[in-house]
Amino acid sequence: MMKLTLGLPTNIANSRMHWAQRNRARKNYFEFCDVLMMSKHVPSPPQEPPEKAKVRLSFFLHNRMDEDNLTARAKWVLDWLVTRGYLTDDKPQNLRLLKPRQRIDRKNKRIEVELTVVKQ
């Protein structure tokens, strides 16, 4: 099992932002996560991404969120994990996403990712 602690992505579930602004926010989030990885605050991806994996996301938030918005907030995190080689893909045949957890931590908002390889 691999554990990663990342910053919270922007909450865009109910936003009405322009697509270019949203794309810029996504790019900035990816760059932030890349800095965490390069500075060794986050473990490097495996040599070869696992064919199948399960992921548990734990959100540490200022206030509780609706579960559908919480799941939408995980999109950029999963996309970053795929593009950086932690996961093969986020399709159902490659990834089992466990129900996200949420806790209140107003002083240290973050998302903790537990990535476990599933044996075939």
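1. Arg84 has a relative accessibility of 25% and therefore counts as partly exposed; the classes are buried under 20% relative accessible area, exposed over 50% and partly exposed in between, with a 1.4 Å probe and protein chains only. Arg84 forms a salt bridge with Asp34, with 2.8 Å between the closest N and O atoms. A salt bridge here is a side-chain nitrogen of Lys or Arg within 4 Å of a carboxyl oxygen of Asp or Glu. Because Arg84 lies in the loop between α3 and β3 and Asp34 in helix α1, the pair ties together parts that are 50 residues apart in sequence. Asp34, at 15% relative accessibility, counts as buried.

2. The model is predicted: local features need pLDDT of at least 70 and side-chain atom pairs count only at pLDDT 80 or more, whereas totals for chains, interfaces and linings use all residues. Residues are numbered from 1 along each chain as its sequence is written, and side-chain values use heavy atoms, with hydrogens and water left out.

3. The structure holds eight salt bridges. One of them joins Asp79 to Lys75, with the closest N and O atoms 2.9 Å apart. Both residues lie in helix α3, four residues apart, about one turn of the helix; helices (H or I, at least four residues) and strands (E, at least two) are DSSP runs, numbered from the N terminus. Asp79 is buried at 11% relative accessibility, while Lys75 is partly exposed at 44%. Arg26, Lys75 and Asp79 are linked in a network of salt bridges.

4. Asp105 forms a salt bridge with Arg110, the closest N and O atoms lying 2.9 Å apart. Asp105 is partly exposed at 22% relative accessibility, and Arg110 is buried, with a relative accessible area of 13%.

5. The largest nonpolar core has 31 residues, of which Leu6, Trp80, Leu81 and Tyr86 touch the most other members. Such a core is a set of buried Ala, Val, Leu, Ile, Met, Phe, Trp, Tyr and Cys residues joined through side-chain atoms within 4.5 Å. At least two of its residues come from each of β1 (2-6), α1 (19-38), β2 (53-61), α3 and β5 (110-117); α1 supplies the largest share, six residues.

6. Beyond its neighbours within four places in sequence, Leu6 is in contact (heavy atoms within 4.5 Å) with residues including Tyr29, Cys33, Trp80 and Arg110.

7. Tyr86 lies in the loop between α3 (75-83) and β3 (95-97) and is buried, with a relative accessible area of 0%. A polar atom of the Tyr86 side chain lies 2.5 Å from the backbone oxygen of Pro43.

Terms used
A polar contact is a pair of N or O atoms within 3.5 Å; within protein, one must be able to donate a hydrogen and the other to accept it, and residues adjacent in sequence count only if both atoms are side-chain atoms.
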